[in-house]
Amino acid sequence: MEIYVGRNIVNLVKQKEFSGKVLCQNNDFIIRCEADSKLIKTTIDNNKRVVISGTVYALFKEDRCVKFTNVDQDITLLNSIISTQNHENIANNIEGRYLGIIYNETGVQEIFADKFSQQELFYSIKNGELIASTSIKPVASQLDEKNYDQAALANILSVYGNYAPKSHTLYKEIKRLGVGEQINIKNKLITLNKIPFRAKETQPYSDDKLEEYCQLFRSAVEVRSSETTNWVFMSSGWDSSAVLSMLCDIHGP
């Protein structure tokens, strides 16, 4: 998925070869995706269009969890959640690994991701223009210059796993959409909004909490699993072994 906003960058991008398809464009923006991208497309209030790239596992509404199967009633519930225009509400009530874009004929309005920003979005904002993509290559290819982000380099070279901090990349000019962040575009002004972190108070945990955790874990595995084939990346540690055990309990060996 690629998003370009800004007259100059759009004129430049039009000259670039691309093997995918254009979802929407005018003189000020282009949204395009690879031909085999998994998309959910729908329309909400005031003819606003929504495209979700990735996977939606479940929807939450009034304390009930609905496994998302892309049928009409699921799309209706999805629309009602997105129509709130509340970033925190959308993130907390659409469970999955996805990137979402809200736009109309005049331009892109919002770009958001799942609650934990599992679907990567690399972006660069400069001189009122936005280049964003689920791959870093299209963003890097449009930059006039590239400088290394020293904080990211320090983490990559010294922290286990060789990762840059979530909102960083190797390049100073390219960022990643962080947890709870959303890109908003209004009157051609591009802003980055973030859900504030609210730490929960500590409390004593009893056996009842263990049972509650077990049910939440089971539900999380169940909505992500299939009746046919499921793959688990095994480290032979507690996490992957527990997931495999739960899959066997739900679907059989």
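Predicted model: local features only at pLDDT ≥ 70, side-chain atom pairs only at ≥ 80, totals over all residues.

Visitor: Let us start with the rings. How many aromatic pairs are there in the whole structure?
Guide: A search of the whole structure turns up four aromatic pairs. One of them joins Tyr98 and Phe112, with 6.4 Å centre to centre and 75° between the planes.

Visitor: What makes the pair of Tyr98 and Phe112 edge-to-face?
Guide: Two cut-offs decide that: centres within 6.5 Å make a pair, and planes over 60 degrees apart make it edge-to-face. The values for Tyr98 and Phe112 are 6.4 Å and 75°, so the pair is edge-to-face.

Visitor: Which parts does that pair tie together?
Guide: Tyr98 belongs to strand S7 (residues 94-104) and Phe112 to strand S8 (residues 107-113), so the contact ties together parts that are 14 residues apart in sequence. Both Tyr98 and Phe112 are buried.

Visitor: Why is the pair of Tyr213 and Phe217 called stacked?
Guide: The ring centres are 6.3 Å apart and the planes meet at 5°. Tyr213 and Phe217 are four residues apart in helix H6 (residues 207-224), about one turn of the helix.

Visitor: What does that spacing imply in an α-helix?
Guide: With 3.6 residues a turn, residues three or four places apart point the same way.

Visitor: How do you know whether Tyr213 is buried, partly exposed or exposed?
Guide: Its relative accessible area is 48%. Buried needs under 20% and exposed needs over 50%, so Tyr213 is partly exposed.

Visitor: Which residues of helix H2 (residues 72-82) are buried?
Guide: They are Asp74, Ile75, Leu77, Leu78, Asn79, Ile81 and Ile82. These buried residues pack against strand S4 (39-44), strand S5 (48-61), strand S6 (64-67), helix H3 (87-93) and S7.

Visitor: Now the spaces. What makes one a cavity and another a pocket?
Guide: In a cavity a 1.4 Å probe fits but cannot get out, while a pocket is open. There is one cavity of 30 Å³ or more, and the largest cavity holds about 30 Å³ of space. Its lining includes His87, Asp114, Lys115 and Glu181, and by class the lining has three nonpolar, four polar and three charged residues.

Visitor: What is the volume of the largest pocket, and what lines it?
Guide: The largest pocket has a volume of about 1100 Å³. Of its 26 lining residues, Asn92, Glu95, Lys115, Phe116 and Lys200 are the closest to the centre. H6 gives the most to this lining, with eight residues. The lining of the largest pocket divides into 16 nonpolar, three polar and seven charged residues.

Visitor: And what about the second largest pocket?
Guide: Its volume is about 420 Å³. S8 gives the most to the lining of the second largest pocket, with four residues, and the classes there are five nonpolar, eight polar and six charged.

Visitor: Finally, why are strand S2 (21-25) and strand S11 (175-176) called edge strands?
Guide: Six strands form an open, antiparallel sheet in the order S2-S3-S1-S10-S9-S11. S2 and S11 each pair on one side only, and that makes them the edge strands.

Visitor: How do you know that strand S1 (residues 2-5) and strand S3 (residues 29-33) pair?
Guide: Pairing takes at least two bridges, and four bridges join S1 to S3, so the two strands pair. Glu2, for example, has Arg32 in S3 as its bridge partner.

Conventions: Residues numbered from 1 in each chain as written. Heavy atoms only, no water. 1 Å grid on protein atoms, 1.4 Å probe; cavity = no way out; pocket = protein on both sides within 12 Å on 5 of 7 lines; lining within 4 Å. Points joined across faces, edges and corners; volume = space filled by probe spheres on them. Nonpolar A, V, L, I, M, F, W, Y, C, P; charged D, E, K, R; others polar. Phe/Tyr/Trp six-rings, centres within 6.5 Å; stacked < 30°, edge-to-face > 60°. Buried < 20%, exposed > 50% of the residue type's maximum accessible area, 1.4 Å probe, protein only. Contact = heavy atoms within 4.5 Å.
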